[in-house]
Amino acid sequence: MTPDPLNRLVAQLAKLPGIGEKTAQRLAFHILRAPGEYAAELSQAIREVKEKVHLCTRCFSLTDTELCGFCRDSKRDERTLCVVETFADLMALERTREFKGRYHVLHGVLSPLDGVGPEQLRIKELLERLGDGRVEELILATNPDVEGEATALYLTRLLKPMGLRVSRIAQGLPMGGDLEYADQATLAKALSARREL
Amino acid sequence: MERFADEALVLSTVDYGEADRLVTLLTREHGKLTAFAAGARKSKRRFAGALEPYMRLRVQLVETRGSTVRLDSADIVAGYYTARAELSLIARALYAVELCRELTREHEPHPELFALLEDYLRRLDAKEAGPTSLLAFELAALAHAGLMPRFDACALCGGPPGERPRFDQSHGGAVCEACSGRAREAVVVPTELLSGLRALQEGVRQPLSPELRARARGVLNVFISHHLGRRLKSVDFMAQVGLD
């Protein structure tokens, strides 16, 4: 008979995405074998992430203060704003170390077949944010699928009349990629979006 | 397990589990099918870019024990990329695929509906299909599904709709003034609306005015919702972003 606390831990871990019963058991045994402070730190970290992490009041990324680090950083260029679907996309762009502007997280995309319209996204907040006139360029970095395109096109329709420069992230072949192995859709997009040298 | 090839239009997709995707396809020969695309979200090569709504594909499918089929491979025949570059075209294409998805049952072949949707998407991509063409497409799709609303005669007495016609979704179309007492949900509609919609049913490509289009949209929305038992989601999207 397995002790109840261990069963409960396995059951909770098995609810995590990508974790099956066997992996949950292995993780639970690892926690059991680890020094006492590891379990205490793990449980405290889980509690804190729920209690302290919330949305930034300006860009709607994640933060544990009122404004996130990106919005507080005075070295970042406030004239350029990159609009992303999720916080995970923001982190992916940050990993490039190329973008030095600020962000706005929509928390989703327009999805006509799922009934997701503009009111369910942080679009109203984006427009309010642009009211102070500091932003000059918006980079629309939604995914290159039909929902991401619809969102980018909808935002363009709203933002262009405001006199802002609106750009869309490029689509095409990945760096180091091989034409021979590229999929048809990406290759077609790469051809149509070719640039003159 | 039998393997077969077919042409397909992607109607919708939904994520399944960690890495897979369920794809609803309208195939030319086998009708609507739900296909299980293993690893579709993780693999960047196998189905990359192909499993997007309103892609036209050449697919290899494998029958399984249940009603779902397995998607082995998908080659893009037509991506309709122009129809993905304008919001109004995206909205109309998604409405068309949602309507076809809701009007059909799985494993029932609808080659005419496939041809109709394929032709509509091709014209949309060529920028030859405006808002009136969407109404014409809807009427033709409803006719294929056996739900053709009647605009040429009163649905109750069979007589002419008259000078003050009504439209009643539950009786399947126009209702004359004399019969309107038997059609409680009927709403008064202009005679030009009935003649305009009848012309579209007969294949006349005459653009309707914005006012008539708006009335036609309302009438068809009510008719489709009544017969499907729910309102199409992409209709709300079109209204929210101000498109028809």
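From the N terminus on, the elements of chain A run α-α-α-β-β-α-β-α-β-α-β-α-β-α. That comes to eight helices and six strands. Both are DSSP runs, numbered from the N terminus: helices are H or I with at least four residues, strands are E with at least two. The model is predicted, so local features need pLDDT of at least 70, side-chain atom pairs count only at pLDDT 80 or more, and totals for chains, interfaces and linings use all residues. Residues are numbered from 1 along each chain as its sequence is written, chains are lettered from A in the order in which they are written, and side-chain values use heavy atoms, without hydrogens and water.

| Domain of chain A | Residues |
|---|---|
| domain 1 | 4–52 |
| domain 2 | 62–168 |

These bounds come from an automatic or database domain assignment. The centres of domain 1 and domain 2 of chain A, taken over C-alpha atoms, lie 35 Å apart.

Now the overall form. The C-alpha trace of chain A spans about 70 × 45 × 35 Å along its principal axes. The radius of gyration of chain A is 22 Å, while a compact globule of 197 residues would have one near 16 Å. This radius is taken over C-alpha atoms, and the globule rule is 2.2 Å times the number of residues to the power 0.38.

How much of chain A is buried? Buried residues make up 34% of its 197 residues. Buried means under 20% relative accessible area, with a 1.4 Å probe and protein chains only.

Note on methods
Buried means under 20% relative accessible area, exposed over 50%, partly exposed in between (1.4 Å probe, protein chains only).
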